[in-house]
Amino acid sequence: MPAERTRSTGRDRLRDSALADDLSFLLARANALALAAANAALATHGLKARSYSVLALAADDVRPTQRELAEFLRLDPSQVVALVDGLEQRHLVERHADPADRRANVLVATDAGRALFARARDAVRAVGIDSLSVVPAQDRARLARLLRLLAFPD
């Protein structure tokens, strides 16, 4: 019992520290918690948040190039190549020549990729709803708008 009390007290002390008022830290911690929850939900579909993000963009018919994916997802291009390779090996996406630039490839989801994305999206949405249950319903749309401002400042 004493170890349990110490653990709880320690967590409370940390939660009350100066760091807990730092917006960058709060964003990073919220992101870490959201990613952990999303990755747990996506594991049953053989995906993680990064591969899910690539599949989502491919299934959305925006036909992104790998360079666009890297910039949008804020990943190193070599990470995107590895993610696309993994999805392609599972026959979830295909690379097609970009009609606007034959030197580049665009990413397109296969039928199997679209079906998996739909199932995975439902799992991620359910986790998101559960995670956001601590935020009052009237504040969720506002939170989304504020996060969009931070994520897309230009």
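Visitor: How are helix 4 and helix 5 oriented to each other, parallel or perpendicular?
Guide: In this predicted model, the axes of helix 4 (residues 66-73) and helix 5 (residues 77-89) cross at roughly 115 degrees. Angles of 65 to 115 degrees count as roughly perpendicular, and helix 4 and helix 5 are therefore roughly perpendicular to each other.

Visitor: Within what distance do the axes of helix 4 and helix 5 come? And is the crossing left-handed or right-handed?
Guide: The two axes come within 9 Å. Helix 4 passes helix 5 in a right-handed crossing.

Visitor: Which residues make that contact?
Guide: On helix 4, Gln66, Leu69 and Ala70 take part, and on helix 5 the partners are Pro77, Val80, Val81 and Val84.

Visitor: How many residues of the contact are nonpolar, polar or charged?
Guide: Six are nonpolar, one is polar and none is charged.

Visitor: Okay, staying on helix 4, which of its residues are buried?
Guide: Gln66, Leu69 and Ala70 are the buried residues of helix 4. They span an arc of only 100 degrees around the axis, so they sit on the same side of helix 4.

Visitor: Why would residues spaced like that point the same way?
Guide: An α-helix has 3.6 residues a turn, so residues three or four places apart point the same way.

Visitor: What covers the buried residues of helix 4?
Guide: The cover includes helix 3, helix 5, strand 1 and strand 2 (101-109).

Visitor: And which exposed residues are on the face turned away from the buried side?
Guide: Arg67 and Glu71 are the exposed residues on that face of helix 4.

Visitor: Let's switch to backbone angles. What follows helix 4?
Guide: Arginine 74 does, and its phi is positive, near 60 degrees.

Visitor: What about histidine 91, where is it found?
Guide: Histidine 91 is in the loop between helix 5 and strand 1 (93-98). Its phi is also positive, at about 60 degrees, although histidine 91 is not a glycine.

Visitor: Is histidine 91 buried or exposed?
Guide: Exposed, because its relative accessibility is 59% and the cut-off for exposed is over 50%.

Visitor: Last one: where does leucine 19 lie?
Guide: Leucine 19 lies in the loop between helix 1 (2-15) and helix 2 (23-43). With 45% relative accessibility, leucine 19 counts as partly exposed.

Visitor: How far apart are leucine 19 and valine 62 in space?
Guide: They are 39 Å apart, C-alpha to C-alpha, with a separation of 43 residues in sequence.

Key
Residues numbered from 1 in each chain as written. Predicted model: local features only at pLDDT ≥ 70, side-chain atom pairs only at ≥ 80, totals over all residues. Heavy atoms only, no water. Axes fitted to C-alpha atoms, helices over the stretch in contact; angles between N-to-C directions. Helix = DSSP H or I, 4+ residues; strand = E, 2+ residues; numbered from the N terminus. Parallel < 35°, antiparallel > 145°, perpendicular 65-115°, else oblique. Left-handed = near helix turned anticlockwise from the far one by under 90°. Contact = heavy atoms within 4.5 Å. Nonpolar A, V, L, I, M, F, W, Y, C, P; charged D, E, K, R; others polar. Buried < 20%, exposed > 50% of the residue type's maximum accessible area, 1.4 Å probe, protein only. Arc of directions from axis to C-beta.
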